[in-house]
Amino acid sequence: MKDKIRIATTSLAGCFGCHMSILDIDERLIDLVEIVEFNRSPLTDIKHASECDIGIIEGAVANSENVEVLREFRRECKILVAIGACALNGGIPAMRNQFSLAECIQESYLDGIGLDKPLIPNDPDLPDLLNKVHPVQEVVKIDYFLPGCPPPADMIWKILNDLLAGREPSFTPDQIHYD
Ligand code: SF4
């Protein structure tokens, strides 16, 4: 029997909305799991990607853990697909880039509205925040980009079908959405 195509997915600094769009493929997911197995993903809870055919990245790069995960995906996945505005241009997480990291921490933990006990979290297990939020292609090479917030399920379905069939992905103008 032919080995299944192995896909990993991750959400870096994202809201999981792009993953919801993957799930919006709906019943076509049943066809997909006939030929695909999911590796590291919020869908499986596998903690590390290993030898994958396709990696799907949601979200921007905002902290040291995001950098590690993204590099792991680049190392372990033959093809990397970045999905959604946050991955492509920083999106909503990058709105903090107009302020310094110190100002963001001050506002979030010390004197923002509604804070009960001002305290900067310092658990050693917490990843370090980067000074600025970065789009994923500033950290690793990305092979394909899907715009949108989130990209429509049909667009995700189309690129998966093209890649699984060994075709160069292509879209008609009506399949591409930027909103
Ligand atoms: Fe969420 Fe939109 Fe960012 Fe996707 S692109 S992670 S849907 S905010």
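A residue counts as exposed when its relative accessible area is over 50%. That cut-off is applied here to a predicted model.

D45 has a relative accessible area of 53%, so D45 is exposed. This residue sits in the loop between β2 (36-38) and β3 (52-58). The backbone at D45 stands out as well. Its phi is near 70°, a positive value in a residue other than glycine. Most residues other than glycine have a negative phi.

E51 is found in the loop between β2 and β3. Here too phi is positive, with a value near 45°, and the residue is not glycine. The relative accessible area of E51 is 66%, so this residue is likewise exposed.

Attention now turns to the ligand. The residues surrounding the ligand are G14, C15, G17, C18, E58, G84, A85, C86, G148, C149 and P150. Two helices, α1 (17-23) and α4 (85-89), each supply at least two residues of this shell. By class, the shell holds 6 nonpolar, 4 polar and 1 charged residues. E58 is in the shell, and Glu counts as charged.

The peptide bond from C149 to P150 is cis, with omega near -5°. Most peptide bonds are trans. P150 is placed in the loop between β7 (144-146) and α6 (153-164).

Note on methods:
Residues are numbered from 1 along each chain as its sequence is written. This is a predicted model: local features need pLDDT of at least 70, side-chain atom pairs count only at pLDDT 80 or more; totals for chains, interfaces and linings use all residues. Side-chain values use heavy atoms; hydrogens and water are left out. A residue is near a molecule or strand if one of its heavy atoms lies within 4 Å of it. Helices (H or I, at least four residues) and strands (E, at least two) are DSSP runs, numbered from the N terminus. Buried means under 20% relative accessible area, exposed over 50%, partly exposed in between (1.4 Å probe, protein chains only).
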